[in-house]
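I set out below what I looked up in this structure.

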Amino acid sequence: MDTLVFLAQGFIGMFNKGGETFVGWVTGIIPTLVCLLVAMNSIVLFVGQEKIEKFAKICGGNVITRYIVLPVVGTFFFCNPMTLSLGKFLPEYYKPSYYAAGSASCHTLNGLFPHVNPAELFVFLGIANGISTLGLPTVDLALRYFLIGIVINFLRGWITDFTTAYVQKQQGVELSKELVKLEG
């Protein structure tokens, strides 16, 4: 009987924990994301959609700017996860690759620019604590983390281009590489 009670408590406890997580999202991350979306769309309206699309077209036309410049600029200004929404300005073909590069940039810029992803700063700070214990400067660590991150993010985007090409061929579809004018 005790086993059944234990299993029942564990079963309902799992759903209680899920409910707590959901409430945490509703009172934490969801309002933040809505505010970030409003801010990003306001910036796009203020700067002008044509200028943003032109910048995306410039960045989208070159593998270096697409997977280094756009993710770094987007992550610095829009932070995690809003940098990923800049992908909407890229042609369909490059969206998976931009996501691969942009999602990782939210981590690799964190050492130099903690505002981009404060929720995961503990990863960098944990490593930095060990470096500090050795008497080494953490600025060197942050800079190396940033530079290596840019290279890895570039490789993630570039390799995803090959993966996208492979999947296109396998599925018999073709994603556009042309920038499409957004409505609204």
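In which helix is the place of Val72? I located Val72 in helix H4, where helices (H or I, at least four residues) and strands (E, at least two) are DSSP runs numbered from the N terminus.

**Basis.** I note that the model is predicted, so that local features need pLDDT of at least 70 and side-chain atom pairs count only at pLDDT 80 or more, while totals for chains, interfaces and linings use all residues. Residues are numbered from 1 along each chain as its sequence is written, and side-chain values use heavy atoms, with hydrogens and water left out.

**Val72.** I listed its contacts (heavy atoms within 4.5 Å). Apart from neighbours within four places in sequence, Val72 is in contact with Leu109 and Ile150. I also looked up the separation of the C-alpha atoms of Val72 and Ile12, which is 44 Å for residues 60 apart along the chain.

**Thr75.** Thr75 is also found in helix H4. I find Thr75 buried, its relative accessible area being 0%; buried means under 20%, exposed over 50% and partly exposed in between (1.4 Å probe, protein chains only). Its side chain makes a polar contact with the side chain of Ser105 at 2.5 Å. For a polar contact I take a pair of N or O atoms within 3.5 Å; within protein, one must be able to donate a hydrogen and the other to accept it, and residues adjacent in sequence count only if both atoms are side-chain atoms. With neighbours within four places left aside, the contacts of Thr75 include Gly102, Cys106 and Val116.

**Thr65.** Helix H4 also holds Thr65, which is buried at a relative accessible area of 19%. I traced its side chain to the backbone oxygen of Cys59 at 2.8 Å and to that of Asn62 at 3.1 Å.

**Core.** The largest nonpolar core has twelve residues, among them Met40, Cys59, Leu70, Phe78 and Tyr98. Such a core is a set of buried Ala, Val, Leu, Ile, Met, Phe, Trp, Tyr and Cys residues joined through side-chain atoms within 4.5 Å. Helix H2 (29-47), helix H3 (49-60) and H4 each give two or more residues to this core.

**Cysteines.** How many disulfides are there? I counted zero, a disulfide being a pair of cysteine sulfur atoms within 2.5 Å. For Cys59 the nearest cysteine sulfur is that of Cys106, 16 Å away; for Cys106 it is that of Cys79, at 8.4 Å. Cys59 is buried at 2% relative accessibility, and Cys106 at 1%.

**Helix H7.** Gly172 follows H7 with a positive phi, near 70°.

**Whole chain.** I count seven helices and zero strands. The radius of gyration, taken over C-alpha atoms, is 21 Å, well over the 16 Å of the globule rule (2.2 Å times the number of residues to the power 0.38) for 184 residues, so the chain is more spread out than a compact globule. The C-alpha trace spans about 65 × 50 × 40 Å along its principal axes. Of the 184 residues, 32% count as buried.
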